[in-house]
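I opened this entry to record what I looked up about charged side chains and their partners. The structure comes first, my notes after it.

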Amino acid sequence: MKSNKSLFLVLSFCLLASLVNAQAITLVERIPLVEEPISVSIDRTDHIYLAGKKGNVYKYKNTGELLLTYSPQKPGRIKNVEAWSTLNILVFYEGLQEFSFLNRFLTEISTQKFNSDIYARLATLSSDNNLWVFDDQDY
């Protein structure tokens, strides 16, 4: 149900964007996916990164061709994948309270756990490669 809401929001945003720009959205091609996506990101070279329900990350060409797969040793539910910087791809696991950095070949560079004094709901990279963390427990 939650993924349906997310999909609805993404499609609504696309529809709104097309209305604002007075351009029509046309389905060009359907791409078969390996598993149902939870999080989607795109890098500066137009590669598409999908985080699946089973905890894997997939890198696709913008044509839909599957290029690489990352399967972590300790699978967890991925909350967010951020690939804009291309060289440091962030994978955030809310349930495990940790994040991993992958290189452009989807090889794990490092994994870090958050301190126990915060509960991160969301983490993403900033434009200067710092980590932004949303912790709503400290209001």
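**Charged pairs and a buried glutamate**

I began with glutamate 36, which is partly exposed at a relative accessible area of 39%; buried means under 20% relative accessible area, exposed over 50%, and partly exposed in between, with a 1.4 Å probe and protein chains only. The model is predicted, so local features need pLDDT of at least 70 and side-chain atom pairs 80 or more, while totals for chains, interfaces and linings use all residues. Residues are numbered from 1 along each chain as its sequence is written, and side-chain values use heavy atoms, with hydrogens and water left out.

I then found that glutamate 36 and lysine 53 meet through their side chains in a salt bridge (3.5 Å, N to O), the term covering a side-chain nitrogen of Lys or Arg within 4 Å of a carboxyl oxygen of Asp or Glu. Lysine 53 is also partly exposed, at 46%.

Next I looked up glutamate 35, which is buried yet has no salt bridge, the nearest side chain of opposite charge being lysine 54 at 5.6 Å; Lys and Arg count as positive and Asp and Glu as negative, with His and the chain ends not counted. I noted that the glutamate 35 side chain reaches the backbone nitrogen of lysine 53 at 2.8 Å.

Finally I turned to lysine 113 and glutamate 98, whose side chains form a salt bridge (3.7 Å, N to O). Lysine 113 is exposed at 53% relative accessibility, whereas glutamate 98 is buried at 6%. Salt bridges with shared partners join Lys74, Glu98 and Lys113 into one network.

Definitions and conventions. A polar contact is a pair of N or O atoms within 3.5 Å; within protein, one must be able to donate a hydrogen and the other to accept it, and residues adjacent in sequence count only if both atoms are side-chain atoms.
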